[in-house]
Amino acid sequence: MEHEGPRLPTPRGPLSRGVDACLRGAGRLPRLEEVARAEVYGEDLQLALYLCYELHYRGFAGVPPEREWDPDLLRVRGAVEQRFLSALRADAHVHDSVDEALAGLLVEPVEGTGVTHFLRDEGELWQVREYAAQRSLYHLKEADPHAWVLPRLWGRAKAAMAAVEFDEWGGGRADRVHASLFAGLMADLGLDTAYGRYLDAATAEALVTVNMMSLFGLHRALRGALVGHFATVEITSSPGSRRLAEAMRRTGAGPAAEHFYDEHVEADAVHEQVVRHDVIGGLLESEPHLAPDVAFGVDATEFVEERFGTRLLADWRASRSSLCAPLAREAAHTS
């Protein structure tokens, strides 16, 4: 029996409404001029792109699998992707040198002010729950967007990337797959662990972070950017996970919640070295012309994560929810 994906979310504008109608077989796709008018980092365009990309993962309940390669839908997706990629190149490009791009990631600021610092030092349980709900769009498919790059690598880079991915998928043990560990975290927090459950709640800024991974992963021409993105995730994960593990303990989130981040502190400290020396090193040894793309992947990751963090902190410091739809009241954590 074929696995049924999550239900389609509520559209947020003409682009996502048109894509939704296409997936349901009940209407026309958006016109290209509508793509050109949409806010590139806005909810409507980003949700429309997420809907297109999700067809390459688990799909949606009631949507025929053939929609994945619908030529008209792919044409619209291509126009949306081009706007998104052009915006990222214009807004996020800082470094041409990989070493310069990575240098800032390797030094922890003495006085950190980001989301993980906030949650560690003063975050409340409701904010931890909101963070987990939004991050679930990625963490319940953790490592999957990065797997697209494996057929585009070879030699040392391919072997090292496969080794890191193997760890992310639990080293062959289903109970240790990182997506499963995150589902345990969500259960501790009283959240629904169903894949895609919080798509309606996710902000545009959260959608951007996941869409960028799919964009880089699905295009062979962007393999360097995907490697740069992956390196950024692995380099910043260990210290950030240490802070989040402390946040889980301080707020009483639960043992599975603590374990998820404790696991990443240790695993990603090792992954960082492998990615920097063997994945990036191996890729640039074989294809040195991809160095600017690797640097762009680093810069773009920092750019979209900063936007996401800024949105979260602005809402939380104003004592308001960061979500587009409330979490179910009956699911509240009661430990």
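Colleague: What does the protein average in pLDDT?

Modeller: The average is 93, and 96% of the residues score at least 70. pLDDT is the predictor's confidence in each residue, from 0 to 100.

Colleague: And where does pLDDT stay under 50?

Modeller: Over residues 330–335. The model has 13 contacts beyond four places in sequence for that stretch, a contact being heavy atoms within 4.5 Å. Where pLDDT is low, the predicted coordinates should not be read in detail.

Colleague: OK, helices. At what angle do α7 and α10 cross?

Modeller: Roughly 165°, with the axes of α7 (residues 125–139) and α10 (residues 178–188) coming within 10 Å. Helices here are DSSP runs (H or I, at least four residues), numbered from the N terminus. The axes are lines fitted to C-alpha atoms over the stretch in contact, and angles run from 0 to 180 degrees between N-to-C directions.

Colleague: Parallel or antiparallel, then?

Modeller: Roughly antiparallel, which is the word for angles over 145 degrees.

Colleague: Which residues make the contact?

Modeller: From α7 you have Ala132, Arg135, Ser136 and His139, and from α10 Ala179, Phe182, Leu185 and Met186. They divide into five nonpolar, two polar and one charged. Ala, Val, Leu, Ile, Met, Phe, Trp, Tyr, Cys and Pro count as nonpolar, Asp, Glu, Lys and Arg as charged, and the others, Gly among them, as polar.

Colleague: Switching topic: what does threonine 209 touch?

Modeller: Not counting residues up to four places away in sequence, threonine 209 touches Arg135, Val304, Glu305 and Phe308. Threonine 209 lies in helix α11 (residues 204–218) and is buried, at 6% relative accessible area. Buried means under 20%, exposed over 50%, partly exposed in between (1.4 Å probe, protein chains only).

Colleague: What about phi of alanine 143?

Modeller: Near 80°, a positive value in a residue other than glycine. Most residues other than glycine have a negative phi. Alanine 143 sits in the loop between α7 and α8 (144–147).

Colleague: Is alanine 143 buried or exposed?

Modeller: Buried, because its relative accessible area is 1%. Serine 319 also has a positive phi, about 60°, but serine 319 is exposed at 62% and lies in the segment after α14 (291–317).

Conventions. Residues numbered from 1 in each chain as written. Predicted model: local features only at pLDDT ≥ 70, side-chain atom pairs only at ≥ 80, totals over all residues. Heavy atoms only, no water. Helix = DSSP H or I, 4+ residues; strand = E, 2+ residues; numbered from the N terminus. Parallel < 35°, antiparallel > 145°, perpendicular 65-115°, else oblique.
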